[in-house]
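Student: I would like to go through a structure and ask what the labels rest on. Can we take the labels one at a time?

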Amino acid sequence: MTQRIGAVMMKALEDQFGDKMQVSERREVVRKLIATGFSSSKPSQPDPANGPPASKGPGLTPLMFIVKSPGRIVSSNGEVDDLTGEVYWALFSDAASMKDLVLTAIVETEGK
């Protein structure tokens, strides 16, 4: 979600402010706006008095893997979030049962 919203917000800030706001400043503003938006829209916790949620029978189990990069992501076979420096892979467990999966992310780090 942050990947899609973040890209749109970064573009809007760039269009509106241009060179008046540095990229790092735009990223920080977008991070704060997204964090504020998500914290105010959290779903309510389920009532434990109602017991566990009813099972809908067998189905697909969604899996998500997230990696935070220590540098700039050069390429990946996952979804790259340039705002947070994270890579996401979303799939269902059945995908892994068909054949081996390889999740890749190539990262460029600063050599100091």
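Student: Why is Phe65 called partly exposed?

Tutor: Buried means under 20% relative accessible area, exposed means over 50%, and partly exposed lies in between (1.4 Å probe, protein chains only). Phe65 has a relative accessible area of 39%, so Phe65 is partly exposed. Phe65 sits in strand 1, residues 62-68.

Student: What should I know about the model itself?

Tutor: This is a predicted model, in which local features need pLDDT of at least 70 and side-chain atom pairs count only at pLDDT 80 or more, while totals for chains, interfaces and linings use all residues. Residues are numbered from 1 along each chain as its sequence is written, and side-chain values use heavy atoms, with hydrogens and water left out.

Student: Why is Thr84 called buried?

Tutor: The relative accessible area of Thr84 is 18%, so Thr84 counts as buried. Thr84 is in the loop between strand 3 (79-81) and strand 4 (86-92).

Student: What makes the link between Thr84 and Asp81 a polar contact?

Tutor: A polar contact is a pair of N or O atoms within 3.5 Å; within protein, one must be able to donate a hydrogen and the other to accept it, and residues adjacent in sequence count only if both atoms are side-chain atoms. The side chains of Thr84 and Asp81 make such a contact at 3.3 Å. The side chains of Thr84 and Glu86 are also joined by a polar contact of 3.3 Å.

Student: How do you know that Lys11 and Asp15 form a salt bridge?

Tutor: A salt bridge needs a side-chain nitrogen of Lys or Arg within 4 Å of a carboxyl oxygen of Asp or Glu. For Lys11 and Asp15 the closest N and O atoms are 2.9 Å apart, and the pair is a salt bridge. Both residues lie in helix 1, 4 residues apart, about one turn of the helix.

Student: Why is Asp15 called exposed?

Tutor: Asp15 has 52% relative accessibility, so Asp15 counts as exposed. Lys11, at 45%, is partly exposed.

Student: What makes Arg72 and Glu108 a salt bridge, and which parts does the pair tie together?

Tutor: The closest N and O atoms of Arg72 and Glu108 are 3.3 Å apart, and the pair forms a salt bridge. Arg72 lies in strand 2 (residues 72-76) and Glu108 in strand 5 (residues 105-108), so the pair ties together parts that are 36 residues apart in sequence.

Conventions. Helix = DSSP H or I, 4+ residues; strand = E, 2+ residues; numbered from the N terminus.
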